[in-house]
Amino acid sequence: MKIIKKLAGVLIAGAVIAAGAFAQKKAASTVKVGVCGSSNDQWKAVQYVLDSENAGIKIQLVEFSAYNLPNEALNSGDIQLNAFQHKAYLNNDASKNGYKITAIGDTLIAPLTLYSKKYKSVDDIKKAAGTNGTKAVRKNALRIAVPSDGTNLSRGIKLLEAAGFIEVNPAAGYTPEMKDITKLVYNIEVVPQTANTLPQTLDDYAGATINGTYALPSGFIPSRDGLIIEKQSESGDNPYVNVIVARTSDKDNAVYAKIVKAYQSQTVAEYVFSKYKESYFPAFAYGKIDANTAAATVKKVDAAIRW
């Protein structure tokens, strides 16, 4: 009888331990994060950091084909976070559509770069185009594409202004629209086009302004292939710093705060520097980065996290 009681006690204890382990496993949170493009491997580094801290959080990336989709999905509750946009785009899109979503952490900055498959420099384009000096597009104008979405359209226009192709109304500040182009200094036509199609249609243009989200997967490296690169501060006050976004009602969510902290880590900074070359830069505080250490971090993360 004592043996039976002891055995029963062992079985009950085992059941309690098993139940506890099951509960602990069940407690792990899966967080769906909306992204655009294919340059999102830095999230493997985020997962690596979370796993090393036994955070009990699993990141599930949900890829969207166009910029207008992740905010809609977040606002409607289809995903928990997104990370594809800078602050200026977020503010414009949320205001325009009435989305109740909020930035909860800075991530990266992706400078816009002018690329061309037909010309080797800005001067080469200018020589081929010839001068214009008016606001009207003239016959045989060379076409230069820019992203068509609000704030990235503004960035493309400002980059063409910096290159000397056009003049822009100073009153438009950092957010000019097509109507704010006051002069085509050279005989070009500025053509807005959906951002994710720019690398594939580059052959159709004299050049195109493309950001890292779509440039890197197509094999472009700014310092090697770019004709002019957007100059951007990495300060958190920069409206073009990319962010992690949550629904406003969830902005203080403890799980999401852990994800932001993991993203803003030295491991992720090293991963970004080595993996993405110059297409992205961390927009958060990090320590000195050694190239060999960063390359080792990429190997370590990629070996541990296989998505």
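Mentor: Angles under 35 degrees count as roughly parallel, over 145 as roughly antiparallel, from 65 to 115 as roughly perpendicular, and the rest as oblique. The model is predicted: local features need pLDDT of at least 70 and side-chain atom pairs count only at pLDDT 80 or more, while totals for chains, interfaces and linings use all residues. Residues are numbered from 1 along each chain as its sequence is written, and side-chain values use heavy atoms, without hydrogens and water.

Trainee: How many helices and strands does the protein chain have?

Mentor: There are 11 helices and 14 strands in the protein chain. Both are DSSP runs numbered from the N terminus (helices: H or I, at least four residues; strands: E, at least two).

Trainee: Why are helix 10 and helix 11 called roughly perpendicular to each other?

Mentor: The axes of helix 10 (residues 266-276) and helix 11 (residues 291-304) cross at roughly 100° and come within 8 Å. Axes are lines fitted to C-alpha atoms, for helices over the stretch in contact, and the angle between N-to-C directions runs from 0 to 180 degrees. The value of roughly 100° lies in the range from 65 to 115, and the pair is therefore roughly perpendicular.

Trainee: Which residues make the contact between helix 10 and helix 11?

Mentor: Helix 10 brings Thr267, Glu270, Tyr271, Ser274 and Lys275, and helix 11 brings Thr293, Ala294, Ala295, Thr297, Val298, Val301 and Asp302. Contact here means heavy atoms within 4.5 Å. By class, these residues are 5 nonpolar, 4 polar and 3 charged. Nonpolar covers Ala, Val, Leu, Ile, Met, Phe, Trp, Tyr, Cys and Pro, charged covers Asp, Glu, Lys and Arg, and the others, Gly among them, are polar.

Trainee: What makes glutamate 270 count as buried?

Mentor: Glutamate 270 is part of helix 10. Its relative accessibility is 11%, and buried means under 20% relative accessible area (exposed is over 50%, partly exposed in between; 1.4 Å probe, protein chains only). Glutamate 270 therefore counts as buried. Apart from residues up to four places away in sequence, glutamate 270 touches Ile289, Thr293, Ala294 and Thr297. Its C-alpha atom is 9.2 Å from that of glycine 287, 17 residues away along the chain.

Trainee: Which residues of helix 4 are buried?

Mentor: In helix 4 (residues 87-97), these are Lys87, Ala88, Tyr89, Leu90, Asp93 and Ala94. They pack against helix 3 (70-76), strand 3, strand 4, helix 6 and strand 13. After helix 4 comes glycine 98, with a positive phi near 70°.

Trainee: Why does histidine 86 count as buried?

Mentor: Histidine 86, in strand 3, has a relative accessibility of 4% and therefore counts as buried. Beyond its neighbours within four places in sequence, histidine 86 is in contact with Thr151, Asn152, Arg155, Pro239, Tyr240, Val241, Asn242 and Val243. Over the whole protein chain, 47% of the 307 residues count as buried.

Trainee: How many cavities of 30 Å³ or more are there?

Mentor: The count is 3. A cavity is a set of points, on a 1 Å grid over the protein atoms alone, where a 1.4 Å probe fits but cannot get out; lining residues have an atom within 4 Å of a point. Points are joined across faces, edges and corners, and a volume is the space filled by probe spheres set on them. The largest cavity holds about 140 Å³.

Trainee: What lines the largest cavity?

Mentor: Its lining has 15 residues, with Asn40, Gln42, Ala83, Phe84 and Asn242 nearest the centre. Helix 2 (42-52), strand 3 (81-86), strand 4 (101-109) and strand 13 (241-247) each give two or more residues. Strand 3 has the largest share, 3 residues. The lining has 8 nonpolar, 7 polar and no charged residues.

Trainee: Which element gives the most to the lining of the second largest cavity?

Mentor: Strand 3, with 3 residues. The volume of this cavity is about 100 Å³, and its lining residues include Phe84, Gln85, His86, Asn152 and Arg155. The classes are 4 nonpolar, 6 polar and 2 charged.

Terms used: 1 Å grid on protein atoms, 1.4 Å probe; cavity = no way out; pocket = protein on both sides within 12 Å on 5 of 7 lines; lining within 4 Å.
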